[in-house]
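Biologist: Hi! Could you walk me through this model? I'd like to start with the cavities.

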Amino acid sequence: MSCVRKVSSTTQRSPEKGTLRISEPDGRIDHLMVSFNFTHSDPSAFILMGIPGLEDAYMWISIPFSTLYIIGLLGNFMVLFVVGKEQTLHKPMYLLLCMLALTDIGISTSVVPKALCIFWFNLKGITVSGCLTQTFFLHAVSVMHSAVLVTMAFDRYVAICSPLRYATILTNERIAKLGLVALVRAVLFALPLPLLLSRQPFCANRIIPHNYCEHMAVVKMLCGDITVNRTYGLVMAFVVIGLDLMLVALSYGLIIRAILRISSKKAHPKALNTCTTHICVMLTSCILFLFSTLTQRFGQGIAPHIHIIFADLFFLIPPMLNPIIYGVKTKELREKVGKYTCKR
């Protein structure tokens with residue numbers, strides 16, 4: 001978008017080229033009243049408003065945004081580097097941890113850089129193709145992230161319930177195949193989202209009150225029947241994520257049953273301790289995701305800026321905490337990280 005300078009009188013343009021409203025003679029622009037009269041064939045841009053109502057605090061908001069993002073990147077890249085360098089860590093559990101780190105990097109990077117451009121430089125424009133691409137990657141990486149958490153729950157189940165067969169059940173090759181299946185599933189479920197959006201015309205008002213192209217926020221820009229779009233988005237959230245949560249719950253149900261069958265009560269805390277790391281990661285991810293998804297569809301009474309902030313936290317908090325949680329709780333990984341960070 002081009003920069004608009006102060007003028008001494010109200011400026012108007014023809015409807016074909018768009019309408020620019022100047023709120024007062026001194027040229028101050030009411031940014032909430034800026035509207036564009038696009039035709040259906042005009043692919044120029046959407047306008048991402050950021051966090052409506054908190055425009056004056058953008059610079060302050062950008063500080064925790066950038067800080068959490070940088071910490072998350074450093075932590076996850078450190079995990080990838082250490083596991084890649086150390087042959088002793090080339091095990092199924094650490095390969096799963098690398099997959100989790102990759103999805104965490106993808107989730108945060110698909111949202112935070114554009115949000116910071118809005119906060120720092122007021123760069124609110126995004127092309128239609130760019131918006132749909134962001135929608136696809138957001139949901140594909142989120143589905144992939146969920147599948148990795150399910151596989152990690154299965155890893156814990158095998159480690160506790162069948163420890164003698166662990167090395168034969170979960171090999172590196174099998175973990176790689178499970179990762180490939182998770183990737184294919186994520187693409188197949190996320191691809192219909194932008195395809196369904198691109199089939200219908202967008203309305204003239206393309207202002208999205210968000211700082212990224214969330215699926216339901218883009219759906220509200222459609223002028224046609226949005227029943228299929230809303231239904232598919234809801235089915236994807238509850239079927240895919242709901243199924244994954246059921247599989248995780250099943251794994252932990254079997255784990256608890258196996259632990260209760262252990263005769264030695266001293267072994268109970270040790271067995272449960274192997275699951276605490278994964279449980280912490282699950283809680284941080286699922287609580288924020290479910291809150292964001294449900295409030296987007298059913299939380300009409302919640303202030304928009306509160307919903308947007310919580311939605312952003314899903315892309316910031318888990319990617320920042322996950323490498324810290326695993327680094328603290330996993331002794332072998334902690335020692336290897338210390339080897340590279342503390343050596344002179």
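Modeller: Happy to. One convention first: Ala, Val, Leu, Ile, Met, Phe, Trp, Tyr, Cys and Pro count as nonpolar, Asp, Glu, Lys and Arg as charged, and the others, Gly among them, as polar. By that scheme, the lining of the second largest cavity has nine nonpolar, four polar and one charged residues. This is a predicted model, where local features need pLDDT of at least 70, side-chain atom pairs count only at pLDDT 80 or more, and totals for chains, interfaces and linings use all residues. Residues are numbered from 1 along each chain as its sequence is written, and side-chain values use heavy atoms, leaving out hydrogens and water.

Biologist: Which residues lie nearest the centre of that second largest cavity?

Modeller: H145, S146, L149, I241 and C286, out of 14 lining residues. A cavity here is a set of points on a 1 Å grid over the protein atoms alone where a 1.4 Å probe fits but cannot get out, and lining residues have an atom within 4 Å of a point.

Biologist: And which helix gives the most to the lining?

Modeller: α4, with five residues. At least two each come from α4 (128-161), α9 (227-260) and α10 (267-298). Helices are DSSP runs of H or I with at least four residues, strands are runs of E with at least two, and both are numbered from the N terminus.

Biologist: How many disulfides are there?

Modeller: Two, taking a disulfide as a pair of cysteine sulfur atoms within 2.5 Å. One of them joins C131 and C213, with the sulfur atoms 2.0 Å apart. C131 sits in helix α4 and C213 in the loop between β3 and α8 (215-219), so this pair ties together parts that are 82 residues apart in sequence.

Biologist: What is the handedness of the C131 and C213 link?

Modeller: Left-handed, with -120 degrees about the S-S bond.

Biologist: Switching to the sheet, what is the strand order?

Modeller: β2-β1-β3, an open sheet with mixed pairing; two strands pair if DSSP finds at least two bridges between them. The edge strands are β2 (125-126) and β3 (207-208). β1 (residues 46-48) and β3 run parallel over two bridges, and L48 stands opposite I208 in β3.

Biologist: Which stretch has pLDDT below 50?

Modeller: Residues 1-43. pLDDT is the predictor's confidence in each residue, from 0 to 100, and the protein averages 82. Where pLDDT is low, the predicted coordinates should not be read in detail.

Technical notes: On a 1 Å grid over the protein atoms alone, a cavity is a set of points where a 1.4 Å probe fits but cannot get out, and a pocket is an open set with protein on both sides within 12 Å along at least five of seven lines; lining residues have an atom within 4 Å of a point. Contact means heavy atoms within 4.5 Å.
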